[in-house]
Amino acid sequence: MSIAVSDFVNKIVKGKTCTGCGLCVGMDESGESYMEDSKYGPIPLISNNSKISDVLFKACPGYQLNYPELYKKVYNRYPESWLTGHIHQVYQGFSNDGAIRRNGASGGIITNVLKYLLESKKIDAALVVRQGIPFPEKARIIVANTPDEILKASQSVYIPVSTLDILNKLDAGKKYAITCLPDQAAALRQLQVIGNLKALQIKYVLGPYTGTALYPSSINYYLKSKGVKKDDKITSLKWRAGEWPGYLEIKTASGKVFKSKKAYYNFLIPFFVTNTSLQSMDFTNEFADLAVGDAWSDKYEKMGQGFSVVVTRTKEMDVILNEMSDARLIDLQKKELDFASCMHGHMIDFKKRGSYIRNKIRRLLGKKAPAFGYKPTSISFSRILVELFISSIFLFGKTKPARSILLIIPEKQLGFIFNNLRLKWKAISKPVKRKSLNTYSVTILKTNNS
């Protein structure tokens, strides 16, 4: 079966639908397969001696993950809202520890919860993504055995990082919590449903709302546009440095320091957005016990400091958060369920309707695309036209002539131009992208082919 699995993985990678989650490598009982860095992020290299169960065919997020079936197995029902997934409770919150709140990307909630889980011995270790390993511009998932190691893994990471390859490194008998992206959380849940023993060692899944990620080469272009030579190595990289919402900060060996506001360095997205970002229909991390997003609003942005949309999907996680609130470790304010989506309508539409259209286009062009077992019940023709325009920008942005723009126009001007165009585009497209979003419904497919 290993040969069949190896062929399957290679087809997923060549078809450019691999999310780089690391699931196949983590399932390899031989321990000989591994994830290799590439300009597209981590990709699996499967050993000829691999021992990977064909369960992979049911759990690979780059192939298919039947969300409706998974909902019934994990939550025993379909979600009330297909925009945000199953919800137990919604809060607006932040960490009451000033240092955690400042260093965290979205109010420090995830970091604080992981620290609490470890200190209260609900877990033996946390599996977290940390920027700077093995090099400043890289990021890896690590096993954090101490609160200090958890704190050092605060911050967002905007390049692809495999997480599930760590499954075959877990110590037998130990309990873990993990932070991961939506596709990784769903794949992990599928393994747990099937009864994979390694997956079942992970007792808690925490993760961020996830919109767009960037290919690693985006940093190279960014520095090249600043005139930084290749031999001037990066010594430090933070994606959300400073007070929330933060800024990109890069330091080099020559002592140079570059800073770019988050709203400005988003100009990299049209040029380096990952395929996974464009194909995933899950924005709110629908299979994480705890999902956290930025509280984007003029009110919160003016206040600074860091505020989060906090979503619990299980009663157990809700109890844990309220224990922390009672101990004044975190600040929680209960909100109505629509608070989970009211500040993220544009990106939710980008995923729930946009990704479906983009995946459909790929299939019409004879390319591969993952399947999720459902589709939007209806999409207006105007929404399709908007998506065709967006997709054409992404398609052009990945060409060499387009990327040369980054080397011609200074970052300060390009960031300003992009941010203004982005805001104007959101205003222009809002009527189409938000139309009927509050009544969004889905059609469950008989076969997992959307």
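Colleague: How much space lies in the second largest cavity?
Modeller: This is a predicted model. In it, the second largest cavity holds about 50 Å³ of space.

Colleague: Which residues line the second largest cavity?
Modeller: The lining is made up of T19, P61, L65, Y67, D183, A186, T276, Q279, S280, P370 and F372. Two helices, α8 (182-194) and α13, each supply at least two of the lining residues.

Colleague: And how does that lining divide by class?
Modeller: It divides into six nonpolar residues, four polar and one charged.

Colleague: How many cavities of 30 Å³ or more does the structure hold?
Modeller: There are three cavities of 30 Å³ or more. The largest cavity has about 120 Å³ of space. It is lined by 16 residues, and C18, C21, C24, P44 and C60 are the closest to its centre. The elements giving two or more residues to that lining are α1 (2-14) and α2 (23-26), and α1 has the largest share, with three residues.

Colleague: What is the class make-up of the largest cavity's lining?
Modeller: Twelve of the residues are nonpolar and four are polar, with no charged residues.

Colleague: Let us turn to the open spaces. How much space lies in the second largest pocket?
Modeller: About 850 Å³ of space lies in that pocket. Its lining has 33 residues, and E137, K138, P216, N220 and I234 lie nearest the centre. Two or more lining residues come from each of β5 (139-144), α10 (217-225) and β8 (234-241). Of the elements, α10 gives the most, namely five residues.

Colleague: How many charged residues are in that pocket lining?
Modeller: Twelve are charged, alongside 16 nonpolar and five polar residues.

Colleague: Now the sheets. In what order do the strands of the eight-stranded sheet run?
Modeller: The order is β5-β4-β6-β7-β11-β12-β3-β13, in an open sheet with mixed pairing. The edge strands are β5 and β13 (330-335), each of which pairs on one side only. From one strand to the next, the twist averages 25 degrees.

Colleague: I am curious about β12. Why is β12 described as largely enclosed?
Modeller: Five of the five residues of β12 (residues 308-312) are buried, so the strand is largely enclosed by the rest of the structure. S308, V310 and T312 point one way from β12, while V309 and V311 point the other way. In a regular strand, side chains alternate between the two faces of the sheet.

Colleague: How many bridges join β3 to β12?
Modeller: Five bridges join β3 (residues 89-95) to β12, and the two strands run antiparallel. Q89 has T312 of β12 as its bridge partner, and Y91 stands opposite V310 in β12. Strand β11 (residues 290-294) is also joined to β12 by five bridges, again antiparallel. There, D294 has S308 of β12 as its bridge partner.

Colleague: Which helices lie across β12?
Modeller: Helix α6 (residues 109-119) lies across β12 as well as β3, β4 (125-131), β6 (176-179), β7 (202-208), β11 and β13, and runs at about 165 degrees to β7. Helix α15 (residues 315-326) lies across β3, β7, β11, β12 and β13, running at about 125 degrees to β13.

Colleague: And the three-stranded sheet: what is its order?
Modeller: The order is β8-β9-β10, an open sheet with antiparallel pairing. Its edge strands are β8 and β10 (257-261), each pairing on one side only, and the twist averages 10 degrees from one strand to the next. Strand β9 (residues 247-252) pairs with β10 over five bridges, and the partner of L248 in β10 is S260.

Colleague: Changing topic to helix packing, at what angle do α17 and α20 cross?
Modeller: The axes of α17 (residues 381-397) and α20 (residues 411-434) cross at roughly 145 degrees and come within 9 Å. The contact is made by S382, R383, V386, F389 and I390 of α17 with W425, V432 and K433 of α20. By class, five of these are nonpolar, one is polar and two are charged.

Note on methods:
Residues numbered from 1 in each chain as written. Predicted model: local features only at pLDDT ≥ 70, side-chain atom pairs only at ≥ 80, totals over all residues. Heavy atoms only, no water. 1 Å grid on protein atoms, 1.4 Å probe; cavity = no way out; pocket = protein on both sides within 12 Å on 5 of 7 lines; lining within 4 Å. Points joined across faces, edges and corners; volume = space filled by probe spheres on them. Helix = DSSP H or I, 4+ residues; strand = E, 2+ residues; numbered from the N terminus. Nonpolar A, V, L, I, M, F, W, Y, C, P; charged D, E, K, R; others polar. Buried < 20%, exposed > 50% of the residue type's maximum accessible area, 1.4 Å probe, protein only. Pairing = 2+ DSSP bridges. Axes fitted to C-alpha atoms, helices over the stretch in contact; angles between N-to-C directions. Contact = heavy atoms within 4.5 Å.
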